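This briefing is for a reader new to the structure. Please look through the sequence and the model before going on to the points below.

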Amino acid sequence: MPSISEREHREIEAANASHNTPVVLIHGLWLLPSSWANWVDFFKQAGYAPLTPDWPDDPETVEAARANPGVLAKKTLKQIADHITEIVNALDKRPVLIGHSTGGLLAEMLAGQGLSAATVAIDPGIFRGVLPLPASVLKVVGPFLVNPLTRDRAITLTFDQFAYGWANALDDKEARKLYDNFHVAGSGLALMQMGNANLNPWTEAKVDTKSPGRGPLLIIDGEKDHTVPWALANAAYKRQKRNPAVTEIVKMPDRGHSLTIDHAWQEVAETALDFVQRSA
């Protein structure tokens with residue numbers, strides 16, 4: 001796997017030079033680092049130093065990712081976590097970690113290793129011990145999980161799949177805009193690791209929820225999320241709240257899985273910022 005890219009090096013150098021608290025924004029499946037552009041500006045204006053790490057081999061643009069989707073295949077959760085850990089370790093200050101979907105799971109994984117000053121997991125992916133399996137989840141990812149070929153593939157959602165799993169709280173016009181502007185293929189292997197987390201005792205989709213160094217944690221979930229419904233987010237919260245550090249959960253009314261990239265993204269960013277500032 002490649003080491004830190006030139007773009008990531010620039011972000012690290014800028015964060016260290018600023019002497020501000022770094023905020024590491026971790027994207028999930030089916031998005032790229034550029035999906036955090038609004039959040040980067042928001043946290044800069046709030047006095048933080050945002051960084052948007054790649055997953056290994058992430059193309060720089062949506063267009064490049066669509067032209068060569070195969071480069072996004074066969075990425076494991078551990079490979080991605082190890083890459084982000086390398087970036088975190090290059091920072092002068094322990095960062096805030098904010099992740100969406102699989103990125104939320106990755107943020108929880110790294111927080112459990114004591115790498116975060118505070119963590120916000122938005123619509124976080126499943127880890128071992130999170131047991132509910134709502135029907136909407138089976139509709140979104142079930143067809144991929146039952147296909148053994150998924151492990152080696154880069155999985156692209158059709159527009160109808162995206163509209164149901166991500167944009168069900170939006171009108172058709174905005175759903176199409178988000179799909180056209182942001183959606184790329186995702187690692188089928190990482191998806192399988194989350195889907196099989198409770199079946200595989202050696203899964204990489206695991207979080208040390210009892211770690212004394214975990215730090216404050218906020219879980220945010222969209223009320224209408226079909227990909228990570230409230231039942232999953234709340235089950236993760238119930239496991240995490242056993243930790244001695246502050247653990248909170250917030251349900252965003254009338255929001256779906258697209259809540260970090262859609263028209264009302266700032267409401268979610270403000271909720272995250274409020275928690276980060278209270279946790280300082």
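Two residues are in contact when heavy atoms lie within 4.5 Å. The model is predicted, so local features need pLDDT of at least 70 and side-chain atom pairs count only at pLDDT 80 or more, while totals for chains, interfaces and linings use all residues. Residues are numbered from 1 along each chain as its sequence is written, and side-chain values use heavy atoms, with hydrogens and water left out. Helices (H or I, at least four residues) and strands (E, at least two) are DSSP runs numbered from the N terminus.

- Six strands form an open sheet in the order 2-1-3-4-7-8, with parallel pairing; two strands pair if DSSP finds at least two bridges between them.
- Strand 2 (49-51) and strand 8 (247-252) are the edge strands, each pairing on one side only.
- From one strand to the next the twist averages 15°.
- Helix 10 (residues 230-240) packs on the sheet, where it touches strand 7 (217-222) and strand 8. The direction of helix 10 makes about 170° with that of strand 8; axes are lines fitted to C-alpha atoms, for helices over the stretch in contact, and angles run from 0 to 180 degrees between N-to-C directions.
- Strand 3 (residues 96-100) pairs with strand 4 (residues 118-122) in the parallel sense over five bridges, and Val-120 in strand 4 is the bridge partner of Ile-98.
- Strand 7 and strand 8 run parallel and are joined by six bridges; Leu-217 has Thr-247 in strand 8 as its bridge partner.
- A right-handed β-α-β unit is made by strand 7, helix 10 and strand 8. Right-handed means that, with the strands pointing away from the viewer, the path from the first strand over the helix to the second runs clockwise.

**Cores and buried helices**

- Buried means under 20% relative accessible area, exposed over 50%, and partly exposed in between (1.4 Å probe, protein chains only).
- A nonpolar core is a set of buried Ala, Val, Leu, Ile, Met, Phe, Trp, Tyr and Cys residues joined through side-chain atoms within 4.5 Å.
- The largest nonpolar core has 58 residues, and those with the most contacts inside it are Trp-30, Leu-77, Ile-84, Leu-105 and Leu-106. Helix 4 (residues 77-89) gives the largest share of this core, six residues.
- Helix 5 (residues 102-111) is largely enclosed by the rest of the structure, because 10 of its 10 residues are buried. Among them are Thr-102, Glu-108 and Ala-111.
- In helix 6 (residues 135-145), the buried residues include Ser-136, Val-140 and Phe-144. The buried residues of helix 6 pack against strand 5 (154-155), helix 7 (159-165), helix 9 and helix 10.

**Two single residues**

- Where is Thr-209 placed? Thr-209 lies in the loop between helix 9 (188-195) and strand 7.
- Thr-209 counts as buried because its relative accessibility is 7%. Apart from neighbours within four places in sequence, Thr-209 is in contact with Phe-127, Arg-214, Arg-239, Gln-240 and Asn-243.
- Asp-274 is in helix 11 (residues 265-279) and counts as partly exposed, at 38% relative accessibility.
- Asp-274 and Asp-262 are 12 residues apart in sequence and 20 Å apart in space, C-alpha to C-alpha.
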